[in-house]
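Here's a quick tour of a protein with a ligand in it. Have a look at the model first, then read on.

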Amino acid sequence: MSGRIVVVGGGAAGIGAAGAAKATDPDLEVLVFTEYEDAAYSPCGIPYVHGREIDSFERLFLQGKEHYEEMGIDIRYETLVTSIDLRARHVTVEAAADGAFDTGRREQVVERHLGRGEPVPFDRMVVATGFDYQDPGIPGGNLEGLYFVKNIRRAMEWDRVLDEAKVAVVVEASPLGLEMITALAHRGLETHVVDPRPWALAEAADPDIMEPVQDSWGEMGVKMHWNTEVEAFVGDGRVRAVRTSEGELPADLVVVCTHKRPNNLLAQQAGIKVGSTGGIVVDEGMATSEDGVWAGGDCVEVPHTLTRLPLQGLTGSHAYAQGKVAGTNAAGGSREYQPVYVPWGMVAGTWMIGGVSFGATTAEALGIPYVLGVAEGISRARYYPDMKKIRVKLLCEPDTLRLIGAQMVGGEGIKERADFLGMCVRTGVTMEDLATMESVYSPPIGALNEPISLAAQQGMAELRR
Ligand SMILES: Cc1cc2nc3c(=O)[nH]c(=O)nc-3n(C[C@H](O)[C@H](O)[C@H](O)COP(=O)(O)OP(=O)(O)OC[C@H]3O[C@@H](n4cnc5c(N)ncnc54)[C@H](O)[C@@H]3O)c2cc1C
């Protein structure tokens, strides 16, 4: 196949798509547009540079710009796509320098620039426009001093602000919120978190999983304001306080960590179908409703394999994998995106948390019946230095006892267990299987009793009772 593929977006999905398209058909012209100054960096590392666990932003750059030139991928940096015209088969683009388009609120920028600039024709397209943080929609939203963590260049500028700042307010304990709360507290700022829900990450994690995390934040000096609405950002030009339902909190800066929502104004304007989450509807090959248009990453929705509910705004690893499928198929290849079971994990406070699919709180909210196995185990032999506790909760289908969800909190080894349990859900492993699983015992890396197995044994014992 010859011709030109245009990729809108230079994040994990867009770069995954461009690389896969070129690998599938080296003769294709692959043109990527991004409004940012860079493409190949890891936004995921930004909180850890702010927290001083990583010593420099330079470490987050994965490739130099010449790498993509060598691959034959043409990336147009600092270039905003201002419209997609599927009938005329072109996009319009406008170039700007010095991060002029990057205000943290992309849809507002696109709206102002809609249809402006030069037309660039394409034969096929991949939409990978990613996410925006949900607009808090309260007075003071245009003040200076509101930090939307995303672009590495802005993060470098904000890092200098953090050098001078004394008090920071994090709005919402979302996954990014958890990382930023921990980072700011590490950095020595007086850190507040304000969230309308009753505990951190309440839309995904169970309260008993989050309790040790919140305790550790308390020990780090974080001030937590749960069940508290943010009502306004207060200031004159620059934010100086956050007005909440519980009173006013002074703030040198506010980190807005609201829900990730799909950045889909362009797609909607072009008539590409979006679903109930606002994410672009795609099939298993990441094809959209429109001929010759594929999509991937945080701008799409995909069904959860067990509940069939559409999910949007998953992770960077989902975005990259979806982009690769979209790019391969756009270039004439044939690839399917695997169903999602959503293993997840992260560090929050002094703990690691993680899981797969959903926990008890979500299952109850969705009316999904389950039987539970819960246990506390340890990560290494009891006598080995730095042994850490691990709490495991397993949710299984009542009839078949197949694993359908899990959540964990512990000091180490959470990621590996989440990945393993993700595979267990995918392949239909039962509570009984897990109760009798073989496991590694070696004092520095694993205890005699594997915590997952202990949780399954507790669940089986409960069932027998
Ligand atoms: C601070 C931070 C921490 C994170 N931590 C993790 C983590 O620990 N683990 C994990 O798996 N993931 C993490 N992520 C990844 C993240 O949550 C997303 O899932 C991932 O960035 C989605 O990739 P994407 O390519 O779909 O979208 P995005 O990363 O949002 O990229 C979108 C791209 O589209 C471009 N774009 C959008 N509109 C236009 C337009 N009109 N014109 C031109 N260009 C446009 C943007 O410039 C950008 O290049 C983190 C992200 C951030 C910001």
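What follows covers the ligand site and then a few salt bridges.

This is a predicted model, so local features need pLDDT of at least 70 and side-chain atom pairs count only at pLDDT 80 or more, while totals for chains, interfaces and linings use all residues. Residues are numbered from 1 along each chain as its sequence is written, and side-chain values use heavy atoms, with hydrogens and water left out.

**The ligand site**

The ligand has 35 residues around it, the closest being Val81, Lys150, Lys260, Asp298 and Gly316; to be in that shell, a residue needs a heavy atom within 4 Å of the ligand. Sorted by class, the shell has 17 nonpolar, 12 polar and six charged residues. Here nonpolar covers Ala, Val, Leu, Ile, Met, Phe, Trp, Tyr, Cys and Pro, charged covers Asp, Glu, Lys and Arg, and the others, Gly among them, are polar.

Several elements supply at least two shell residues each, including helix H1 (12–24), strand S4 (79–85) and helix H9 (316–330). Helices (H or I, at least four residues) and strands (E, at least two) are DSSP runs, numbered from the N terminus.

| Residue | Distance to ligand oxygen |
|---|---|
| Gly11 | 3.3 Å |
| Ala128 | 3.4 Å |
| Asp298 | 2.8 Å |

On its own the ligand exposes 1000 Å², and the protein buries 89% of that; the areas are Shrake-Rupley values with a 1.4 Å probe.

**Salt bridges**

The structure holds 25 salt bridges, each one a side-chain nitrogen of Lys or Arg within 4 Å of a carboxyl oxygen of Asp or Glu. In one of them, Lys393 pairs with Asp206, with the closest N and O atoms 2.7 Å apart. Lys393 sits in strand S25 (residues 389–396) and Asp206 in the loop between S11 and H7, so the pair ties together parts that are 187 residues apart in sequence. Lys393 counts as buried because its relative accessibility is 6%, and Asp206 is buried too, at 1%. Buried means under 20% relative accessible area, exposed over 50%, and partly exposed in between (1.4 Å probe, protein chains only).

Asp208 and Arg391 also meet, at 3.0 Å from N to O. Asp208 is in helix H7 and Arg391 in strand S25, so this pair ties together parts 183 residues apart in sequence. Asp208 counts as partly exposed at 23%, and Arg391 is partly exposed at 23% as well. Through shared partners, salt bridges join Asp206, Asp208, Glu376, Arg391 and Lys393 into one network.

Notes:
Polar contact = N/O pair within 3.5 Å; in protein donor to acceptor, adjacent residues only side chain to side chain.
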